[in-house]
Amino acid sequence: MQTPLLNESSVPGKMGCQLPEYDVPEQELSDLIPEEFLRESPPNLPELSEPEIVRHFVNLSAKNHHVDKNLYPLGSCTMKYNPKVNDAIAGFPGFAELHPEQPANTVQGALQLYYELEQMLCAITGMDKFTLQPAAGSHGELTGVMIMRKYHQKQGNANRRYIIIPDSAHGTNPASVAMGGFETLEVQSSDRGIVDLEDLKSLVTEEVAGMMLTNPNTLGLFEEDISEITELFHSVDALMYMDGANMNALLGIARPAEMGFDITHLNLHKTFSTPHGGGGPGSGPIGVTKRLEPFLPVPLIQYNAQSDQYEFDWERPDSIGKIHAFYGNFGMMVRAYTYIRMLGAEGLKSLAENAIINANYLRENLRDIFELPHDQRCMHEFVLSGSRQKANGVPTLEIAKRLLDFDFHAPTIYFPLIVREALMIEPTESESRATLDRFIEVMHQINTEIDENPDLVKEAPHTTPVTRIDEVKANRELNLRWDEISERK
Ligand SMILES: *Cc1c(COP(=O)(O)O)cnc(C)c1O
């Protein structure tokens, strides 16, 4: 059969453009695909019109909570405003339609963006070289641990078995340590909520490969002894890794390399925008100081001044190898690049300052109703304890659920583990005073309800599409397949 091809006369405005003619062989589907792979009945696809589909997804998005709806004060996760211009630019055909297998000389613009983004991240952190490959903060951690291992091998440092992490650490830290082939040694936090220096000194020996430390830490507190800590580790040729998930608080104010860190990751999806949650997308570039550069994963992006070309450099004999297909999540790099270029150095600094001001504003206005275990000025987030409310019969989980009735996402709860009934709150820089005041008002109202009408809180949420779920069952019998869910009904 000859397909009815478009020709010049049927394509207005395309005069002179000779369209090729294709021969589509006249064949039955079963000639092309073996019989056993053909379906027996047509696929069970819903027959819907475009407006029906649009309404379906708009309705779903309205049932969900997201940053485009209201405050999402999820501590440690930096759920903030993500400028829509980032998405528009990431969607430019010149970026979105690139093929990852294209030869480097046909994607010079993309490589230039990688290269310049790496330079900007170096400037922000003080590190000497970045790789954009890791697909999440946790992936950056693992990459960093692999670099630590390689470094000690090269140095001839035998018996480096341990990596020290604080008791307030994010769960991915010990997981990365274990996956990288080390054992975790845990250092206590002092009653001031930062690393206990005396305890740390008792742990640091020549069996220690390094430390993974979040700064500011997960209590939202700056590690004031950081210079002493990094010197202590360097004195036994151990390395310092900064979990940079909280970089929101430091931009333009303090740089990890100057604190003595050798490696750091950044979570582009937290500090430098890109909507995330529900498992992705993520991007966790890591930066290292000069002496660790040889171990970075291949390939690296280099600029060749002679040919005026950006290139992939694969000739790196000491590299830990490849850790991601191609060069990471490109769309997120376009967003981070756009975000940083849009804000500039001054804008990034005021971002950090506003994140800190907003967090302290909430903290000061909530401390009269919640216990505040570490009573110090915080950075971009802080941790309250719901112990008093728990003693009155209403645990933190119920407060989190009640917040949903007021169209607020709950803060992070029960983390960090060292605070009982923890409520970890990060308002971010992008919330207005009015939103923060409304949140304070709602928290006070819930606190009053706990005294006057505790069942109202314990039965919450009342306004969401799904109310009380069986948390244990949901965790034990996790099942996200629609056909199995509907079968069980
Ligand atoms: C989010 C976070 C991580 C892990 O980052 P992912 O990108 O989610 O893998 C690690 N540490 C801290 C403190 C974090 O907040």
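User: How many bridges join β10 to strand β12?
Analyst: Four, and the two strands run antiparallel, with β12 covering residues 422-425. Strands here are DSSP runs of E, at least two residues, and helices are runs of H or I, at least four, numbered from the N terminus. This is a predicted model, where local features need pLDDT of at least 70, side-chain atom pairs count only at pLDDT 80 or more, and totals for chains, interfaces and linings use all residues. Residues are numbered from 1 along each chain as its sequence is written, and side-chain values use heavy atoms, leaving out hydrogens and water.

User: What's the strand order in the sheet?
Analyst: β10-β12-β11, an open sheet with antiparallel pairing (strands pair if DSSP finds at least two bridges between them). β10 (382-385) and β11 (412-413) each have a single partner strand, so one side of each has no neighbour in the sheet.

User: Which helix packs on it?
Analyst: α12 (residues 330-366), touching β10 and β12. Its direction makes about 15° with that of β10. Axes are lines fitted to C-alpha atoms, for helices over the stretch in contact, and angles run from 0 to 180 degrees between N-to-C directions.

User: New topic: how do α12 and α15 pack?
Analyst: At an angle of about 25°, with axes 10 Å apart; α15 is residues 433-452. That makes them roughly parallel, a label for angles under 35 degrees.

User: Which residues make that contact?
Analyst: N358, Y361, L362, N365 and L366 of α12 meet R433, L436, D437, F439, I440, M443 and H444 of α15 (contact means heavy atoms within 4.5 Å).

How values were computed: Angles under 35 degrees count as roughly parallel, over 145 as roughly antiparallel, 65 to 115 as roughly perpendicular and the rest as oblique.
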